[in-house]
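Thanks for coming, everyone. Please bring up the model and keep it on screen while I talk.

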Amino acid sequence: MKLELKDLIERYLSEGLDEEQSQELSMLLERSPEARAEFRALTKVHVSLADHFAEDDIARFAPISSSIERAKSVVTLRSIAVLAALFVGLLAIISVLPRGSAEKPIAEIVQDEAEWSGPIGAFLDKGRYEILTGLAELKIGPGVSLAIEGPALFRLVDRHRIEVSRGRIAANVTESGKGFTVVTPLGEIIDLGTRFGVRVDDDGSCEAHVFEGEIDLVQGGKSQRLSDTEALRLGETVPFESDPEAFPMPSHRLSAGLNGADFEPGMSLGSGMPTLPGVWGGDTSEIVPGFGEIQPRAGDGMLRFIAAHAVDRELQGHVASELWQIVDLRSFANRVNAGEVRARLSAHFNRLPGTANSQFAVSMMAFRGDPRETSFYWNRKNETTSERLASSSSSLQADEEPETWEQLRTGFVVPAGTDFLVVNLFATQNASQGSEAPFGGHFLDQASLVLTAEARPSIPKSVWLGEAGDWRKSNHWTEGVVPDPQRDHIVILGDGTAEIGGEIQLKQSLIIAKDRNSQGHLLIKKGGRLSKSGYGNLVVGYNEGAEGILTIQGIFESREEVYIGRNNAKSLVDIDGGTWEAGDGVIRMAQYGDRGPDTDARLLIRNGGRLTVGRLGLVHDLATFEIENGEAEVGVLQIGGDNGKAEVRLGIGKLQVEQLRFGASNGEFVFEKEDSELWLAGKWTVALLRDLPGANWKFQSRDLTDFHLEFGENNGVEFTRIRPKLGP
Amino acid sequence: MSDSSSSGDQTTHVQQLFVKHVALLKHFVISLLPNPSEAEDIVQEVFLVITAKAHDFEPGTNFKAWLLTIARFKVLEHLRREKRTANRLSDTAIDLLAADMEDADSGPDPATLRALSKCLNKLAPKPKLMVELQYREGLKPAAIAEKLEWEANAVYVALSRARSGLRKCIERQMNHPLVQPE
């Protein structure tokens, strides 16, 4: 696109010129004094506008005394503009300016929710600082981000070193900040390009926790290396598991995003919607090194959309050529479920002249569920479904200038409960040109998906000390205080049962048996009620070898996700005459089985217990769902994942399921009694049942010979009631 | 420090000159770094440098030239550090603009800002919204487009029209003020 001088300047002022256009503008300015005069006139309007709105800011924040402090203590365009314009306070600014020191400040405060012991500016110089309470995030150069939580006392030594004499601090250090050192009274922690936390307590004890990567810990002249998920108390030698929730967290970019998003030669493009994360798939397209007058925006390749299909109702009359990629977020569940992760998608598009009525679009959706079922979820994108948690898109009519690429962006805060994102990039064209008309003039290059987690403070933790007794008795908890159900992250440990007799509403996470090889037992007694909403997971059996038990004799309500047996743990949820009301929520059994098939998860309903849940997934390993005596209503029942064996056992009682799905692993559905009833949505025949699409799947019973099938209705939905005929 | 009083005087003098020329400095810096907060950082840095180097300045010589030299250096250093190639003027263009700026008027003075504030009130609602989204909210055109569900190009055009309108209006106000400044 050839732009005139004025348009070039205007675009420049909105920061929209690419490299080539920048060169063009520079050339015009170099050549002609008139062009420079025009440039000066337009930039003067720009600087006046910037000044005008900056003054607005001052006026808006003026009543807050601390921001006046800050405005004064640092010279900003704003304070200079206001004060110089009014010609007052000249001496006042000069008296608070750092005199005669051109030394660069060490750290920039990027987020400040802290109460400091003295006034501070937007930058911190070398020196000692104290935070009384709250969280501050500092940036030191491009490579180091720090979250510091008060009460904290620290000294900034230089850009590579901070001394902490009290408080909790967490660091995200990228390659360029490698070697950053935290000095504590008991030793030094040297970063090797990583994320880690350091705490110095009032009694002088120190701990170092590694969340990702490695650190070197130097004490008494000896150096010890700690890696991923390890922690150490200084002065001791045996590491334990690091605890990210015990530390504040600086904002950081998650190590997830799009693969092959620069569309360089040699990358593979799948056909059809992908079923695995990290690969592109969609309508036919190809990577080209250039096409006609269009050159890649960067690198040696770009994507050319080729095949098209007719698209759905909101774009009626158009054909589209689409591309998808799945981005798995399950390993970031903690940050995602805390509502802290923001996703930003962008891509560049271009087209050949003559491809009229063309639009480009980027679109992104957040889903919970199984990435392999993406196409099923995606095809229901115009319905309200419990799988889709967020969506956003944007589109544009690209210009016909082959020299310019147009950028499209979209994004959202990733909702709690999201398992994966689906990114969709596409071009459309009016179908009046015929769906067979060549669809080859549309191009895509340089897509990116950036996921950032916002800074957060540490989450207070309350731990059950392991003696049997009442939840509300303070002597059962660490620190001798009953946990604050709205604020605290709660861990139940030990062989003594924690009993809930009254009503408790939890907002943060609750973990029963968290540490390796630990035990934990929580009992909701008859008449008791536990409600879990808000952020944070509920997990029964967390780490390797942990054995967690949740017994429900009263009422248990959950809204988001519950994991039964998360990481090679052994766990049981026993609905013993009580009720578990999980609404549209999700229960996942044996979620992470990838370290060997020994996660053993059981969900048992007995003594007339009841369960209602939107999704119940028996995902990996040994997952058993058994109704000994009681009832369950399940929206989607997923039986089996990639490995291990999933089992559903039906005794006396009724199981109602709207959708039954099967994984690739082994599974069994066992009718134990003639009184067993399975209600399946839709009309079923014996042949259909015997032919259910599970790979190694079988319906069976000790003496099953046949089924009784009856059709009926329940709340307007057609169900088939299935009862076994047991042999003679 | 034994020479603190004379050193303090020289520093104060240079700082007073800085405040006198700060509008010009801002205009120069923002014309090379159109993002206002980025420009703000450089202006801050320039202030720290002139304070530190106050003694290098010979009273009676051209302060504007000295100021613009330091600013030009700081901007180039910043652009190189950022390895910026998009939305960046060439070094030659920057040199020429610095030279021009020495002879130019003094950047947006209070009268210009008053005129601007009147002209903003005369702007039609749509262009006014664009201007507020860019300058008050700090949104770039692509983000504005997304927010309003417009095409990005339409936003560029609207912003460009808004600024041209403001420019003409400010010039009219300055030459034939309808209302005398109070």
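First, some ground rules. This is a predicted model, where local features need pLDDT of at least 70, side-chain atom pairs count only at pLDDT 80 or more, and totals for chains, interfaces and linings use all residues. Residues are numbered from 1 along each chain as its sequence is written, while chains are lettered from A and ligands numbered from 1 in the order in which they are written.

Start with chain A. It has nine helices and 50 strands. Helices (H or I, at least four residues) and strands (E, at least two) are DSSP runs, numbered from the N terminus. Chain A has 728 residues, and 46% of them count as buried. Buried means 20 or more other C-beta atoms within 10 Å of the residue's own; exposed means 12 or fewer; partly exposed lies in between, with C-beta atoms placed from the backbone. Now take contacts in chain A between residues at least 6 apart in sequence. Of these, 60% join residues at least 24 apart. A contact here is two C-beta atoms, placed from the backbone, within 7 Å.

Next, one strand. How many residues of strand S42 of chain A are buried? Five of its seven, so S42(A), residues 600-606, is mostly covered. Strand S39 of chain A, residues 570-576, runs parallel to S42(A) and is joined to it by seven bridges. Strands count as paired if DSSP finds at least two bridges between them. In S42(A), A:Arg606 stands opposite A:Asp576. S42(A) also pairs with strand S44 of chain A, residues 622-639, again in the parallel sense, over six bridges. There, A:Ala623 of S44(A) stands opposite A:Ala601.

Now the contact of chain A with chain B. Chain A gives 56 residues and chain B gives 57. Several elements of chain A supply at least two residues each, including helix H1 (5-13), helix H3 (33-61) and strand S23 (388-396). Which element gives the largest share of the chain A side? That is H3(A), with 17 residues. By type, the chain A side divides into 24 nonpolar, 16 polar and 16 charged. Nonpolar covers Ala, Val, Leu, Ile, Met, Phe, Trp, Tyr, Cys and Pro; charged covers Asp, Glu, Lys and Arg; the others, Gly among them, are polar.

Look at H1(A) again. Its buried residues are A:Leu8, A:Ile9, A:Glu10, A:Arg11, A:Tyr12 and A:Leu13. Just after H1(A), A:Glu15 takes a positive phi of about 60°.

On to chain B and its helix pairs. Two packed helices are described by the angle between their axes and the distance between the axes. Axes are lines fitted to C-alpha atoms, for helices over the stretch in contact, and angles run from 0 to 180 degrees between N-to-C directions.

Pair one is helix H5 (residues 110-122) and helix H8 (residues 152-175) of chain B. They pack at about 125°, with axes 9 Å apart. That makes H5(B) oblique to H8(B). Angles under 35 degrees are roughly parallel, over 145 roughly antiparallel, 65 to 115 roughly perpendicular, and the rest oblique. Residues making the contact include B:Ala115 and B:Cys119 of H5(B), and B:Ile170 of H8(B). The contact residues divide into eight nonpolar, two polar and two charged.

Pair two is helix H3 (residues 63-81) and helix H4 (residues 91-103) of chain B. Their axes come within 10 Å and cross at roughly 160°. So H3(B) is roughly antiparallel to H4(B). Among the contact residues are B:Leu68 and B:Val75 of H3(B), and B:Ile94 of H4(B). This contact divides into seven nonpolar, no polar and four charged.

Last, single residues in chain A. A cis peptide bond joins A:Gly150 and A:Pro151, with omega about 0°. A:Pro151 lies in strand S4, residues 144-158. A:Gln446 is not a glycine, yet has a positive phi of about 45°. It sits in strand S26, residues 442-453. Is A:Gln446 exposed, partly exposed or buried? Partly exposed, because 18 other C-beta atoms lie within 10 Å. A:Glu479 also has a positive phi, near 65°. Its place is the loop between strand S28 (469-470) and strand S29 (489-492). With 11 C-beta neighbours inside 10 Å, A:Glu479 counts as exposed.
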